[in-house]
Amino acid sequence: MSDSPFPAWQLKREGIVAPDERLPWPQTFAMGLQHVVAMFGATVLAPLLMGFDPNVAILMSGVGTLLFFVIVGGRVPSYLGSSFAFIGVVIAATGYAGSGPNPNIGVALGGIIACGALYTLIGAIVMSAGTGWIERFMPPVVTGAVVAVIGLNLAPIAVKGASGTPFDAWMAVVTVLCVGGVAVFTRGLLQKLLILVGLVLAYLIYAVLTNGLGLGKPVDFSGLAAAAWFGLPSFAAPVFRADAMLLIAPVAIVLVAENLGHVKAVSAMTGRNLDPYMGRAFVGDGLATMLSGGVGGTGVTTYAENIGVMAVTRVYSTLVFVVAAAVAIVLGFSPKFGALIATIPGPVLGGVSIVVFGLIAVAGAKIWVDNRVDFTDNRNLIVAAVTLVLGAGDFTLKIGGFALGGIGTATFGAILLYALLGGARSEKG
């Protein structure tokens, strides 16, 4: 680990861009915009499902990402967005009916802060105790399975958003073709911005077919015209109630599992050993969650969607995420932008999600290939097989009022199964 607080980012104009390198500033800004697009759907959807203000969530995702960047010394490329792990427990703690603002949001915020505090404590322990256990319990067969599961677990969300009607399903296919065409048939900056450019192309096609030819549900621009350019989001204050805090705080376990898998995935893709920064990544995510909960935002986590973008663009520069965070902060204060994003058709977002989530799943398989995981070893075969089905099927374990969803179950299941089958002992020996 370098003594310098931050790396000295070297200019790189083409090829793979490492975390401590950067593209020219215009390209860096464009890449930052693409990461905003990648995280936006999920970062907005999660607060909507819990009755939170999506503009606060966008704002705090930017603030949290900058905080994370500082704490990891600019060496771990990650974007922090709204975590879906909180949805079930927040609804349970607040009795949210499912539409409009959550009247008991303060109670949820107190629990989110408690979760962030527990998460931060876990990070501090990892910082002091080291990361040797990661090599023993998280070999390539486990990390590859966990990364693949993240993409597979999100697949039903993408498919559901893309297949409301036959027209929607075909538009999702068109979106996939737009993104794929940009990825394969363009070069340079256009190719690196394949998600953003593909989305814009598909949006334009959708608008022509619906608003122009009347083939489907037209894009409604009335909300965009009425929205103000600048305005404060609806901040809220936390209320600390013991029962809600006890219900929501254990989500920290899921966040640890998610962040662990994400950092290991980024480490594998970049060829950099990021294990020394694992504890700091946990602390950064935990503090960002506490800060977000303190003003009315959701709990945050490192985002698989942005890992997917990095996997296909091969641009891992951490400065890209500073740009993305700054853009998110500005947009958090703009109701006009929120209204614009709201006009993006569901099947277009669904089609983009199919590509991004699929890229995450393939990144997991790439970890196996790059590390030459031996699948003639029955231990590796069983660990990978069980993990994939647990995650893809969203196998959920309930412990009292706490539910451990598919990604968390698959992650801990992979680690425990590998250890129980003797893997951790063989790694040690």
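Visitor: Is aspartate 370 buried, partly exposed or exposed?
Guide: Aspartate 370 has a relative accessible area of 47%. Bear in mind that this is a predicted model, where local features need pLDDT of at least 70 and side-chain atom pairs count only at pLDDT 80 or more, while totals for chains, interfaces and linings use all residues. Residues are numbered from 1 along each chain as its sequence is written, and side-chain values use heavy atoms, with hydrogens and water left out. Buried means under 20% relative accessible area, exposed over 50% and partly exposed in between, using a 1.4 Å probe and protein chains only, so aspartate 370 comes out as partly exposed.

Visitor: Which residue does aspartate 370 meet in a salt bridge?
Guide: A salt bridge here is a side-chain nitrogen of Lys or Arg within 4 Å of a carboxyl oxygen of Asp or Glu. This one has an N to O distance of 2.7 Å. The two partners sit 4 residues apart in helix α17, which means about one helical turn between them. The partner is also partly exposed, at 47%, and it's lysine 366.

Visitor: How many cavities of 30 Å³ or more turn up in the whole structure?
Guide: A cavity is a set of points, on a 1 Å grid over the protein atoms alone, where a 1.4 Å probe fits but cannot get out, and its lining residues have an atom within 4 Å of a point. Points join across faces, edges and corners, and the volume is the space filled by probe spheres set on them. The largest cavity holds about 30 Å³, and the search count is 1.

Visitor: Which helix gives the most to the lining of the largest cavity?
Guide: Helices are DSSP runs of H or I with at least four residues, strands are runs of E with at least two, and both are numbered from the N terminus. Helices α12 (251–270) and α17 (346–370) each supply at least two lining residues. With 4 residues, the top contributor is α17.

Visitor: How many charged residues are in that lining?
Guide: Ala, Val, Leu, Ile, Met, Phe, Trp, Tyr, Cys and Pro count as nonpolar, Asp, Glu, Lys and Arg as charged, and the others, Gly among them, as polar. The lining has 4 nonpolar residues and no polar ones. The charged count is 2.

Visitor: Which residue pairs with aspartate 20 in a salt bridge?
Guide: The closest N and O atoms are 3.1 Å apart. This pair links distant parts of the chain, 252 residues apart: aspartate 20 is in the loop between β1 (10–11) and β2 (21–22), its partner in the loop between α12 and α13 (278–295). Aspartate 20 is partly exposed at 26%. The partner, partly exposed at 32%, is arginine 272.

Visitor: How many salt bridges does the structure hold?
Guide: Side chains of opposite charge can pair when their charged atoms come close. One more example joins aspartate 243 and arginine 241 at 2.9 Å, N to O. The total is 6.

Visitor: And how many disulfides are there?
Guide: A disulfide is a pair of cysteine sulfur atoms within 2.5 Å. Cysteine 115 is buried at 0%, and cysteine 178 is buried too, at 12%. The search of the whole structure still gives 0.

Note on methods:
On a 1 Å grid over the protein atoms alone, a cavity is a set of points where a 1.4 Å probe fits but cannot get out, and a pocket is an open set with protein on both sides within 12 Å along at least five of seven lines; lining residues have an atom within 4 Å of a point.
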